[in-house]
Amino acid sequence: MDAKSRTEYSAKNTTVALISRLTAIFMGYVLRVVFTHTLSESYVGVNGLFLDIINVLSLSEMGVGTAITYALYRPIAEENIEKQKSLMRMFGWFYRIVALIVAVAGLALIPFFDIVIKDYKSVDHLILIYLLYLVNTICSYLLIYKKTLMDAHQLNYIGTFYLTMSWVVQDVLQILVLVLWKNFILFLLINIFTTVVCNVCISRKADKLYPYLRDREVQPLPKPEREEIFQNIRAMLMHKAGTVIVNNTDNLILSAFAGLASVGSYSNYYLVIGSIRQLLTQVFQGITASVGNLGVTENKERVKKVFEAIFFLGQWMYGLAVICLYEIINPFVEMSFGKQYLFSRGVVFILCVNFFINGMRNAALIFRDSLGLFWHDRYKAIAEAALNLIISIVLVKQLGVAGVFLGTLISMALTSVWVEPYILYKHEFQMSCAGYFARYLAYVAVIGAAWYVTDFICGLIGGSLGVVLIGRTCISLAIPNLIFLLVYCRTKEFTFLLEKLRLLLKKKRGR
């Protein structure tokens, strides 16, 4: 498969993913507004808390999906059907075991609710609510594993389409339930129904595209290949453990030390920040399979050139996004959910910096996972998780809510920010990563300057909340983009991406 074909797949996957995420963000925002205005703050907090608990339980997935996807890239490039069948059979068994582990671990957690939740008895039917979240998660592992084969074939857009339709139907039904009956139990039952239906539809589509998935005669993988996959799974287990602890324990710490009200406030901010993060992540997810194909068919120089272009694109996207978020998130939260949910500007700044640093990691992470390098930095994830827990718990007692998010920032800066690119450059490009960090610092300097100018101009806007929100949005979109364009228009990365876009548009016009 040539580079142009990879570019086309990446463009199609990314376009569909962006449309999907925009749809999900809009529907999720409407649902969240209805949710916060029809149910109490305790239910808002419970929703955020239980989602984090479920994410922690999902640790048992162990990164199987990433390891199997990487293993599929070469058999797909070589059109080795038998190897694909063997890998998918193994994958199916893994996910059934995962569903069982999640069920057992989830039930075992119930006796400890009075420790995890500070105001445990303020919500009616709490155990039933938790069980419904748990059932939905268990159902999410059934049949969905077949989507991985479509993704590895660079057909991510197919699974994305089904998921988007499921989200839209789910959100519409849940909004109706909240408006008409304000019934949280029925709200959660709709989650389970749409999850099962979506998984069945994706499974049938995969069976239609790849009829060999239904073959009963499947050869077991050779022992060396099984051992390599298990090794990669062990590495991804460490990565996933670290990621889950870093990203999904903030609500647990807030709940334990500050109560459900602070969890509810953070959930509203996370809805906005998480939505933007998911939207931008789709750009990187859309190219994941193409990077995997690139790694097994091209030389290291070509891979490095593409990585540098993707890293450049990432800093532009996340630089623009962090400036916009900082300027508009408080007016947006106040207008949407109420003044009682607001955080101070200092807390917002820490949340935004966390968002930016996480985003800047995406390029290295996509290449690390697609090129199968996750074994080399497996201990980094555990170190980051331990630092995050310790620092966050210490700082929350001293600084309150801000301490939790500052702990996340410090732990990330001490580990992931430098380890991930170091591993990529050492084991894939086989060269020093000094150039990467020089570019990183230069990008941060430009973004910092653009942020300062934008914040100064936004501070001049006055009037009603709506006027401030619209004015700051326009300025935050215009000023940084103008500065970035002036600074980067002659760089090789900008020229490379512009040429790719030109060739893609030319090919589309030709068709």
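1. Leaving aside neighbours within four places in sequence, which residues is N156 in contact with? They are N13, M150, D151 and Q285, where contact means heavy atoms within 4.5 Å. N156 lies in helix α8, residues 156-180. N156 counts as buried because its relative accessibility is 13%; buried means under 20% relative accessible area with a 1.4 Å probe, protein chains only.

2. On provenance: this is a predicted model, with local features needing pLDDT of at least 70, side-chain atom pairs counting only at pLDDT 80 or more, and totals for chains, interfaces and linings using all residues. Residues are numbered from 1 along each chain as its sequence is written, and side-chain values use heavy atoms, without hydrogens and water.

3. The protein chain has 22 helices and zero strands. Both are DSSP runs numbered from the N terminus: helices are H or I of at least four residues, strands E of at least two. The C-alpha trace spans about 60 × 55 × 45 Å along its principal axes. Of the 511 residues, 55% are buried.

4. The largest nonpolar core holds 138 residues. Such a core is a set of buried Ala, Val, Leu, Ile, Met, Phe, Trp, Tyr and Cys residues joined through side-chain atoms within 4.5 Å. F50, I129, F184, F307, F343, F367 and F405 touch the most other members. Helix α14 (residues 300-337) gives the most to this core, 20 residues.

5. Leaving aside neighbours within four places in sequence, F184 is in contact with F35, L39, Y43, I129 and Y133.

Conventions. Buried < 20%, exposed > 50% of the residue type's maximum accessible area, 1.4 Å probe, protein only.
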